Structures are given as structure tokens and as C-alpha cells.
Amino acid sequence: MMMEVFDLELDSDKEDQVEKGRTEKSRETSPVAADSEEDGLTMRPLTILQPTAPMPVTTTTTTGQANNTTAGSISGSPSPKRPKQKRENTITASTFDDLYELTGETLGKGAYAAVQACRSRITEKEYAVKIIEKRPGHSRGRIIKEIETFHICEGHRNVVQLLEYFEEKDKFYLIFEKMLGGPLLHHIQRRIAFTEQEASLVVKDIATALKFLHHKGIAHRDVKPENILCTFPDKVSPVKLCDLDLASKISGVYSARNAITTPELQSPVGSAEFMAPEVVDAFVGEALKYDKRCDMWSLGVILYIMLC
């Protein structure tokens, strides 16, 4: 909007011709100036711009979304820098106890580790945690190898999923999905025998998991009912393979068909009842090596137990 204001100036006979010309022009365009000349005063109209409204300034909230607000400052001037604020939904956790709490339910136990139920402090959802103590004879590299193997199996429907892990001063905490059906061994002990249809579904799921591992150059080497977990408590299938602690190293060689195959193995490990003959021979010193086919022998023993 344009405004008109008037500035008063003294009229003088000594003004030069230029100033008189300006006065003459003011008389013609401004009736107020013409009326005021008689009093010795000349009124000259001036025009200025009215101050505009303040410019909108963009600020950032704690959730990271931009909001348009009006700043009470001079238009066009930069807004002062605001100190950085921590986001409200940011969670900082460094230990297992920061995010989880044990429920007291024991799911399994071994020489160096125990599996217990735990609950998320945020979602209240239950998980299974494998607590591994750092002891002489159970190296850190062995634990890291197991974690890496589970990472390779991420997303496979027949391998238990590792969600996250914590390494603390004296322990490792590996957080897994909780399988409500428990180990296959409990179902065998409760039912004694399964139908051929039920047994075939179990074998199919485990064979699918072993095929995946073998294609990646990994032999499980400890396939047994305790390491096969059922999804539901009221039926035996579907099942998932777990406990990759004794799995072979993540390495392989390329065959003529460009498929990764497991290398020849030398360390005899596993459970005696489910060991393949070649693994037993390596254990007693009568053989020097074996390969991934040891897992198929163990799966055959499980099938026999389920049917008989």
C-alpha cells in the first residue's frame, strides 16, 4: 500500500530557479501546497513503501518434520540457529538388560550356554536368548562364526532367525525368535511315533534347510531332535533347524557345475547317536576326512526314530 506524507520546507526568495520549478510543479499537482504558499510554507508530497509482513521461517521439530511458523523478526533477516535437540523416539542401549528381561523359563542348556525365555521391555513380546559365557576353551571366534552363519541364513523359513546380539564383558547374548512348539525331542517323547505324513513333513523342512546350508558351503554337523524346533505346540510341523555352533566354517569351493560345495572336513564333532560312520571313523582315527553327507545320515536316523 502506498502512503502520502508531507514534508514542510521554508520558502525563500534566494532559492534558485530549479527549486522554484519544483515549487511550481507542486502547486499544480498538490492543492494543499498551493493553499499553504501564502503562509510562506511549501508542502511537498513524499511516497514510501509500507513495511511488509514478516517472512515465514522454517523450523524443525523433535520428530524431524518441517513446520512453517512466523518469526517475529525483520523480514529477510536470517533466523538465529537453534541448539540441536535429541529426538524423542531415540533409544540408546548398550546392554542386554537395557532392552530385555529374563522371564525365568529355561528352554535349553549346554556345556557353555543356556537358552532362556526373555521379554522385550518395549514391546512386551517374548523371545529366546542364548546366553554364552566367555570361558577358556570356547573361543570368541567360535561365537562370532555362529553369528555370521545365522546372518547368512537370514530370512530362510526353515532356520531359526537370529534377531540381534549383545557382547558384554563376560557373556554373549543372542536373541532369537521364540518357537512355541519347543524341540522335536519333546514331541517324540510325548507321542512315541508319528504318522508317515507327519514324518515326511518334518524331513522335508529339515532337508530344505540342509540344502540351503550345503549350497553355501556349510555342513551343520549336529542334526538331532534337540536342534529341531517346532513352530506350534499342538502339531509337529512346520519345523526349523537351530544351533549352528558346530557348523563348519563359512567357506567352499566351486565344482564343475559352478555350485558351492562343502570342503572336506577333518574335525569329528556332533552327537554320537546321530554321527555318520565316516565321522565316527575320523573320531577314532581310522579316517582322515568326511563331508556334508554326514548331515543326511543324521536326518535318516531322525526319520527312523519318528516312525518306530
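## A buried phenylalanine and its ring partners

F96 is buried, with a relative accessible area of 1% (buried means under 20%, exposed over 50% and partly exposed in between, using a 1.4 Å probe and protein chains only). This is a predicted model, where local features need pLDDT of at least 70 and side-chain atom pairs pLDDT 80 or more, while totals for chains, interfaces and linings use all residues. Residues are numbered from 1 along each chain as its sequence is written, and side-chain values use heavy atoms, leaving out hydrogens and water.

Six aromatic pairs are counted, taking rings of Phe, Tyr and Trp (its six-membered ring) with centres within 6.5 Å; planes under 30 degrees apart are stacked, over 60 edge-to-face and the rest tilted. F96 and F166 form an edge-to-face pair, because their ring centres are 6.3 Å apart and their planes at 80°. F96 sits in helix α3 and F166 in strand β8, so this pair ties together parts 70 residues apart in sequence. Helices (H or I, at least four residues) and strands (E, at least two) are DSSP runs, numbered from the N terminus.

## A second contact for F166

F166 is buried too, at 8% relative accessibility. The rings of Y100 and F166 are also edge-to-face, with centres 6.2 Å apart and planes at 75°. Ring pairs link F96, Y100, Y127, F166 and Y173 into a cluster.

Strands β8 (residues 162-167) and β9 (residues 171-176) run antiparallel, joined by five bridges; pairing requires at least two DSSP bridges.
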